[in-house]
Amino acid sequence: RLQDIAKQGSNGTQVLSDEQLKQLHQVLLEILDDVIRICKDRDLKFILIGGSAIGALRSGGIIPWDDDIDIAMPRKDFEAFCAAVREIYPEKYAMLHPQDRENFGRVIPKIRLRNTCYRTILEQDLTDCGVFIDIYTIENLPDNPVARAFQGVMAMGFGFALSCRRLYRGRKWFSQLTGGVTFKIKCAIGFCLSFANYETWARWTDYWNSRCKNDNSKYVSIPTDVRYYFGEMQLRQTLCDVREIDFAGRTCFVPKAADRYLREIYGDYMQLPPVEKQERNCYLEYDLGAYQKKEED
């Protein structure tokens with residue numbers, strides 16, 4: 001997976017130092033403060049997921065070696081949140097929406113802080129690489145099992161096609177980091193799919209992810225998360241019934257069933273991993289700009 005490539009320290013990449021991580025965390029928390037403020041003012045829901053949920057439950061904040069914050073929102077709330085950010089903070093933040101004409105082939109929305117740069121290997125082709133928070137969308141799934149299965153197959157098929165298309169587009173870069181039969185096969189598939197650009201494939205993928213509009217459906221999923229459409233499928237209350245939790249002195253939310261949900265994915269997540277498994281992503285460019293200067297002052 002491309003995420004694994006991002007953890008390789010080669011081809012001019014570097015790993016964030018402890019001091020850089022500390023500075024990055026402060027900027028991430030500033031972004032989170034604005035996210036919390038908007039959600040509170042507009043009555044929108046969000047939860048911490050992935051490593052951010054683990055960090056909240058295990059130590060009450062960002063995992064020390066982590067380089068981002070991951071949250072999730074119901075699709076309806078995300079659309080309202082995106083509109084609010086563009087209305088309130090047009091100069092401060094850039095929103096990446098999968099349905100935008102220029103979505104850079106991405107289906108995971110992001111809120112990016114302008115005038116900063118944190119370019120990872122996975123973002124080597126982007127023009128806007130501001131420090132970001134990932135916003136995963138919680139999608140409704142059809143109650144009819146046949147319709148649910150059909151949507152899932154289509155969503156996963158388009159997601160795989162997008163992955164191949166992106167890999168083919170960046171083949172010169174990624175060939176320096178990975179290779180083998182799988183890489184060549186996916187590049188070949190990406191070539192066959194190049195009748196449409198990778199931004200179009202992202203819009204198509206997002207369309208199938210979000211096709212069900214029933215906000216009271218029995219099941220929901222986060223199809224862009226690590227286990228994709230079917231692996232992330234949960235009863236609505238598993239993800240949408242929430243409880244408050246402290247996150248670096250801020251009131252955030254996790255699912256009431258967070259412990260069971262996280263154990264399904266990560267096993268004994270409360271056990272701190274050994275140092276050799278505390279992986280840090282590599283980066284190509286890192287510049288906090290005015291925010292780093294403010295910290296120094």
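Let me begin with Tyr-286, which at 15% relative accessibility counts as buried, a word I use for under 20% relative accessible area, with exposed meaning over 50% and partly exposed in between, for a 1.4 Å probe and protein chains only. This is a predicted model, in which local features need pLDDT of at least 70 and side-chain atom pairs count only at pLDDT 80 or more, while totals for chains, interfaces and linings use all residues. Residues are numbered from 1 along each chain as its sequence is written, and side-chain values use heavy atoms, with hydrogens and water left out.

Now to the rings. The structure holds 14 aromatic pairs, where rings of Phe, Tyr and Trp (its six-membered ring) pair if their centres lie within 6.5 Å, and planes under 30 degrees apart count as stacked, over 60 as edge-to-face and the rest as tilted. One of them joins Tyr-229 and Phe-230, an edge-to-face pair at 4.9 Å centre to centre with 70° between the planes; Tyr-229 is buried at 1% relative accessible area, whereas Phe-230 is partly exposed at 35%. The Tyr-283 and Tyr-286 rings, in turn, have centres 5.8 Å apart and planes at 55°, so this pair is tilted, and Tyr-283 is buried as well, at 6%.

Ring pairs also link Phe-150, Phe-158, Phe-195, Trp-201, Trp-204, Tyr-207 and Trp-208 into a cluster.

Finally, the charges over rings, for which NZ of Lys or CZ of Arg must be within 6 Å of the ring centre and within 35 degrees of the ring normal. Lys-92 lies over the face of Tyr-89 at 5.7 Å from the ring centre, and the charged end of Arg-171 sits 4.0 Å from the ring centre of Tyr-168, over that ring.
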